[in-house]
Amino acid sequence: FFTSGSKHLKLWTISGSLVSGRTVSWSSLNNKSESVVSLEALSNTICVGGTWSGCLIVISGGSISSKSEAHKGPVFVVHYSKTNKKLLSGGKDGVIKEWMIEGSKLKCIKTLMSFEDSVSQVSAIRLIDIFENRMLVGTRSSELWVVDDWSGKQNKNKILSGHFEGELWGMSCHPSKPLFVTSGDDNRIKLWHALENKQLAESILTEKSRCVTFSYCGNYIAIV
């Protein structure tokens, strides 16, 4: 198995109760190592990693065999579906791409989709998973999206959202309805349905919020 981090990339071998590791060689890239923030195994001998600079690297036999430019900003997730034989990457730019390996090199087949800031609160992709023709995508802003027919029409449906930056400071319940409102360090105020467990609405503030409350009649919300 592999471990990665800031200027750290190691291949580990398990033998009985012993675990031994060795540093992956960057000699093919003139020993210019960088931080690897995501990893995915394609087989017992090949692994693909995403770097902080936005590149994908192919690791084979304990060394880097190739490097390809992939995203604008860090590649936070690399996912390989053994069922569909699809290799996908997602980055800070909110883009999901499909790749194939030709020999020891990666080739981008196409850009599958983009979660722009107009669609997602913060578009950076943090999770990708595939089940048959349905894709699950997680973003930095604590959103989960289900994408039906992801290789075709790509029908996007947000099934979960939440606060995502710093701390949650404010919460208030509606005086007569099963509703409550929250606010915090992400400059968002959100209205929730307590019985249906879902977000109903949200508004972006210009500053962080420390307190929120419904009026006595429930028609107004005060924010501090």
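**Exercise 1. Find how many bridges join β8 to strand β9, and which way the two run.**

Solution. Step one: look at β9, residues 86-90; 5 bridges join β8 to this strand, and the two run antiparallel. Strands here are DSSP runs (E, at least two residues), numbered from the N terminus, and two strands pair if DSSP finds at least two bridges between them. Step two: pick one bridge, such as Ser 81, whose partner in β9 is Lys 86.

A word on the model: it is predicted, with local features needing pLDDT of at least 70 and side-chain atom pairs pLDDT 80 or more, while totals for chains, interfaces and linings use all residues. Residues are numbered from 1 along each chain as its sequence is written, and side-chain values use heavy atoms, leaving out hydrogens and water.

**Exercise 2. Work out which strands stand at the edges of the open sheet.**

Solution. Start with the order, β8-β9-β10-β11, paired antiparallel. β8 (77-81) and β11 each have a single partner strand, so one side of each lacks a neighbour in the sheet.

**Exercise 3. Explore the largest nonpolar core: which residues touch the most other members?**

Solution. First, the term: such a core is a set of buried (under 20% relative accessible area, 1.4 Å probe, protein chains only) Ala, Val, Leu, Ile, Met, Phe, Trp, Tyr and Cys residues joined through side-chain atoms within 4.5 Å. Of its 14 residues, the answer is Ile 96, Met 113, Phe 115, Met 135 and Val 137. Next, see where residues come from: β12 gives the largest share, 3 residues. Finally, a second, separate core of 11 residues includes Leu 56, Val 58, Tyr 80 and Leu 106.

Notes
Buried < 20%, exposed > 50% of the residue type's maximum accessible area, 1.4 Å probe, protein only. Helix = DSSP H or I, 4+ residues; strand = E, 2+ residues; numbered from the N terminus.
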